[in-house]
Amino acid sequence: RRIQDDKLNITVTVREGESAHIVNCIRNNELDVGIIRTRFHAEDLVTRPLVTEPLMLAVSVHHPLAGKRDIRLSDLAQENFLLHSSTDSNGIREHILEACNVAGFKPRIIYSGNETLPMLLMVEQGIGISFVPQMFERICSGRSLRFIELTQPVLTSQLSLVTVKTHIESAVTTRFLGIVAEVLDSSGKM
(Lines give C-alpha, C1' and ligand atoms only; values in the text may rest on other atoms or scores of the structure.)
Protein backbone atom coordinates (compact mmCIF):
# COMPACT_ATOMS: atom_id res chain seq x y z
CA ARG A 1 0.00 0.00 0.00
CA ARG A 2 2.84 2.38 0.85
CA ILE A 3 4.29 1.99 -2.67
CA GLN A 4 0.93 3.03 -4.17
CA ASP A 5 0.41 5.89 -1.71
CA ASP A 6 3.89 7.32 -2.36
CA LYS A 7 3.32 6.95 -6.13
CA LEU A 8 6.66 5.21 -6.53
CA ASN A 9 7.56 3.76 -9.88
CA ILE A 10 7.86 0.22 -8.52
CA THR A 11 5.89 -2.66 -9.94
CA VAL A 12 5.13 -5.45 -7.51
CA THR A 13 4.16 -8.73 -9.11
CA VAL A 14 2.88 -11.40 -6.76
CA ARG A 15 3.38 -15.09 -7.47
CA GLU A 16 2.13 -17.68 -5.04
CA GLY A 17 3.76 -21.03 -4.47
CA GLU A 18 5.42 -23.30 -1.99
CA SER A 19 8.57 -21.96 -0.40
CA ALA A 20 10.83 -24.30 -2.39
CA HIS A 21 9.34 -22.98 -5.65
CA ILE A 22 9.76 -19.34 -4.56
CA VAL A 23 13.39 -19.95 -3.56
CA ASN A 24 14.10 -21.62 -6.93
CA CYS A 25 12.56 -18.62 -8.73
CA ILE A 26 14.83 -16.28 -6.74
CA ARG A 27 17.89 -18.40 -7.48
CA ASN A 28 17.01 -18.45 -11.20
CA ASN A 29 16.59 -14.64 -11.35
CA GLU A 30 12.85 -14.95 -12.02
CA LEU A 31 12.09 -13.00 -8.82
CA ASP A 32 14.08 -10.36 -6.96
CA VAL A 33 12.50 -10.97 -3.56
CA GLY A 34 10.48 -13.81 -2.09
CA ILE A 35 8.28 -14.05 0.96
CA ILE A 36 8.30 -17.49 2.52
CA ARG A 37 6.94 -19.10 5.65
CA THR A 38 9.51 -21.70 6.60
CA ARG A 39 12.53 -22.23 8.78
CA PHE A 40 14.69 -21.97 5.65
CA HIS A 41 18.42 -21.34 5.86
CA ALA A 42 20.90 -21.69 3.00
CA GLU A 43 24.39 -20.30 2.45
CA ASP A 44 23.41 -18.55 -0.78
CA LEU A 45 20.35 -16.76 0.65
CA VAL A 46 19.77 -13.68 2.77
CA THR A 47 16.74 -14.17 5.01
CA ARG A 48 15.15 -11.15 6.68
CA PRO A 49 12.51 -12.02 9.30
CA LEU A 50 9.27 -10.07 8.85
CA VAL A 51 6.89 -11.52 11.42
CA THR A 52 7.14 -14.33 13.95
CA GLU A 53 3.84 -15.52 15.35
CA PRO A 54 2.55 -18.48 17.33
CA LEU A 55 1.09 -21.50 15.61
CA MET A 56 -2.43 -22.02 16.87
CA LEU A 57 -4.50 -25.19 17.04
CA ALA A 58 -7.60 -24.81 14.85
CA VAL A 59 -10.72 -26.84 15.72
CA SER A 60 -14.41 -26.66 14.90
CA VAL A 61 -16.52 -24.82 17.47
CA HIS A 62 -18.26 -28.18 17.97
CA HIS A 63 -15.03 -30.05 18.76
CA PRO A 64 -14.70 -31.27 22.39
CA LEU A 65 -11.53 -29.14 22.77
CA ALA A 66 -13.21 -25.92 21.55
CA GLY A 67 -13.80 -24.66 25.10
CA LYS A 68 -10.13 -24.79 26.07
CA ARG A 69 -7.97 -21.63 26.25
CA ASP A 70 -4.72 -23.53 25.75
CA ILE A 71 -3.60 -27.08 25.15
CA ARG A 72 -0.53 -29.32 25.18
CA LEU A 73 0.44 -31.01 21.94
CA SER A 74 0.53 -34.38 23.71
CA ASP A 75 -3.24 -34.02 24.34
CA LEU A 76 -3.80 -34.29 20.58
CA ALA A 77 -2.32 -37.77 20.03
CA GLN A 78 -5.72 -39.33 19.16
CA GLU A 79 -6.88 -36.57 16.81
CA ASN A 80 -7.08 -36.57 12.99
CA PHE A 81 -4.52 -34.10 11.65
CA LEU A 82 -4.95 -31.93 8.57
CA LEU A 83 -1.48 -30.60 7.70
CA HIS A 84 0.21 -28.50 5.09
CA SER A 85 2.17 -30.34 2.42
CA SER A 86 5.84 -29.56 2.19
CA THR A 87 8.50 -30.01 -0.43
CA ASP A 88 11.39 -28.34 1.37
CA SER A 89 11.53 -30.13 4.75
CA ASN A 90 11.44 -26.80 6.57
CA GLY A 91 7.79 -25.85 6.76
CA ILE A 92 4.99 -25.87 9.30
CA ARG A 93 4.38 -29.58 8.64
CA GLU A 94 7.91 -30.59 9.65
CA HIS A 95 7.74 -28.31 12.67
CA ILE A 96 4.55 -30.07 13.82
CA LEU A 97 5.86 -33.58 13.07
CA GLU A 98 9.09 -32.91 14.96
CA ALA A 99 7.15 -31.58 17.96
CA CYS A 100 4.78 -34.59 17.92
CA ASN A 101 7.79 -36.92 17.90
CA VAL A 102 9.27 -35.11 20.91
CA ALA A 103 5.83 -35.33 22.62
CA GLY A 104 5.93 -39.11 22.13
CA PHE A 105 3.44 -39.80 19.37
CA LYS A 106 3.09 -40.08 15.61
CA PRO A 107 0.11 -38.05 14.39
CA ARG A 108 -2.66 -39.62 12.32
CA ILE A 109 -2.52 -37.44 9.20
CA ILE A 110 -5.69 -37.77 7.14
CA TYR A 111 -5.12 -34.83 4.79
CA SER A 112 -2.17 -32.93 3.34
CA GLY A 113 -2.74 -29.78 1.32
CA ASN A 114 -1.07 -26.65 0.04
CA GLU A 115 -3.71 -24.07 0.91
CA THR A 116 -4.67 -23.04 4.43
CA LEU A 117 -8.20 -21.73 3.87
CA PRO A 118 -9.62 -24.93 2.28
CA MET A 119 -7.98 -26.89 5.10
CA LEU A 120 -9.70 -24.65 7.66
CA LEU A 121 -13.05 -25.22 5.92
CA MET A 122 -12.52 -28.95 6.51
CA VAL A 123 -11.66 -28.26 10.15
CA GLU A 124 -14.85 -26.20 10.42
CA GLN A 125 -16.79 -29.24 9.18
CA GLY A 126 -15.28 -31.37 11.97
CA ILE A 127 -13.07 -33.52 9.73
CA GLY A 128 -9.99 -32.99 11.90
CA ILE A 129 -7.70 -30.45 13.54
CA SER A 130 -5.00 -28.27 12.06
CA PHE A 131 -2.29 -25.78 12.98
CA VAL A 132 -2.10 -22.29 11.52
CA PRO A 133 -0.26 -19.03 12.15
CA GLN A 134 -2.11 -16.74 14.54
CA MET A 135 -3.02 -14.28 11.76
CA PHE A 136 -5.68 -16.77 10.60
CA GLU A 137 -7.63 -16.07 13.77
CA ARG A 138 -8.34 -12.58 12.37
CA ILE A 139 -8.76 -13.76 8.79
CA CYS A 140 -11.35 -16.38 9.79
CA SER A 141 -13.28 -14.27 12.28
CA GLY A 142 -16.98 -15.06 12.11
CA ARG A 143 -16.42 -18.66 11.01
CA SER A 144 -17.31 -21.70 13.14
CA LEU A 145 -13.69 -22.17 14.13
CA ARG A 146 -11.89 -21.92 17.43
CA PHE A 147 -8.18 -21.12 17.68
CA ILE A 148 -6.42 -22.48 20.76
CA GLU A 149 -2.98 -21.57 22.05
CA LEU A 150 -0.41 -24.38 22.21
CA THR A 151 1.46 -24.20 25.50
CA GLN A 152 3.67 -27.30 25.46
CA PRO A 153 5.53 -26.80 23.29
CA VAL A 154 5.00 -23.25 22.06
CA LEU A 155 5.40 -23.45 18.30
CA THR A 156 6.00 -20.45 16.06
CA SER A 157 5.98 -19.65 12.39
CA GLN A 158 8.10 -17.02 10.72
CA LEU A 159 7.36 -15.03 7.60
CA SER A 160 10.60 -13.89 5.95
CA LEU A 161 11.85 -11.92 2.97
CA VAL A 162 14.44 -13.85 0.97
CA THR A 163 17.00 -12.68 -1.58
CA VAL A 164 20.09 -14.30 -3.07
CA LYS A 165 23.43 -13.15 -1.57
CA THR A 166 25.38 -13.22 -4.80
CA HIS A 167 22.87 -11.29 -6.93
CA ILE A 168 23.53 -7.60 -7.36
CA GLU A 169 20.57 -5.86 -5.79
CA SER A 170 18.88 -3.37 -8.10
CA ALA A 171 18.00 0.12 -6.85
CA VAL A 172 14.32 -0.84 -7.06
CA THR A 173 14.86 -3.97 -4.94
CA THR A 174 16.86 -1.98 -2.40
CA ARG A 175 14.08 0.64 -2.24
CA PHE A 176 11.39 -2.05 -1.89
CA LEU A 177 13.28 -3.74 0.97
CA GLY A 178 13.74 -0.35 2.64
CA ILE A 179 10.01 0.40 2.43
CA VAL A 180 9.17 -3.01 3.92
CA ALA A 181 11.59 -2.36 6.80
CA GLU A 182 10.13 1.12 7.41
CA VAL A 183 6.54 -0.14 7.40
CA LEU A 184 7.31 -3.03 9.74
CA ASP A 185 9.36 -0.79 12.04
CA SER A 186 6.56 1.78 12.27
CA SER A 187 4.00 -0.94 13.02
CA GLY A 188 6.20 -2.47 15.73
CA LYS A 189 6.49 -5.85 13.98
CA MET A 190 10.28 -5.86 13.60
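This is a predicted model: local features need pLDDT of at least 70, side-chain atom pairs count only at pLDDT 80 or more; totals for chains, interfaces and linings use all residues.
Colleague: Which lining residues are the closest to the centre of the second largest pocket?
Modeller: A pocket is an open set of points on a 1 Å grid over the protein atoms alone where a 1.4 Å probe fits, with protein on both sides within 12 Å along at least five of seven lines; lining residues have an atom within 4 Å of a point. Grid points are joined across faces, edges and corners, and the volume is the space filled by probe spheres set on them. The second largest pocket holds about 160 Å³. Among its 13 lining residues, the closest to the centre are Asp-32, Val-164, His-167, Ile-168 and Glu-169.

Colleague: How many aromatic pairs does the structure hold, and what is the angle between the planes of Phe-81 and Phe-131?
Modeller: Rings of Phe, Tyr and Trp (its six-membered ring) pair if their centres lie within 6.5 Å; planes under 30 degrees apart are stacked, over 60 edge-to-face, the rest tilted. The structure holds two such pairs. Phe-81 and Phe-131 have ring centres 5.5 Å apart and form a tilted pair, because their planes stand at 40°.

Colleague: Which strands hold Phe-81 and Phe-131?
Modeller: Both residues are buried (under 20% relative accessible area, with a 1.4 Å probe and protein chains only; exposed is over 50%, partly exposed in between). Helices (H or I, at least four residues) and strands (E, at least two) are DSSP runs, numbered from the N terminus. The pair ties together parts 50 residues apart in sequence, because these residues lie in strands S4 (residues 80-84) and S6 (residues 130-133).

Colleague: Is Asn-29 buried or exposed?
Modeller: Asn-29 is found in the loop between helix H2 (19-27) and strand S1 (34-36). Its phi is near 65°, a positive value in a residue other than glycine. With a relative accessible area of 56%, Asn-29 is exposed.

Conventions:
Residues are numbered from 1 along each chain as its sequence is written. Side-chain values use heavy atoms; hydrogens and water are left out.
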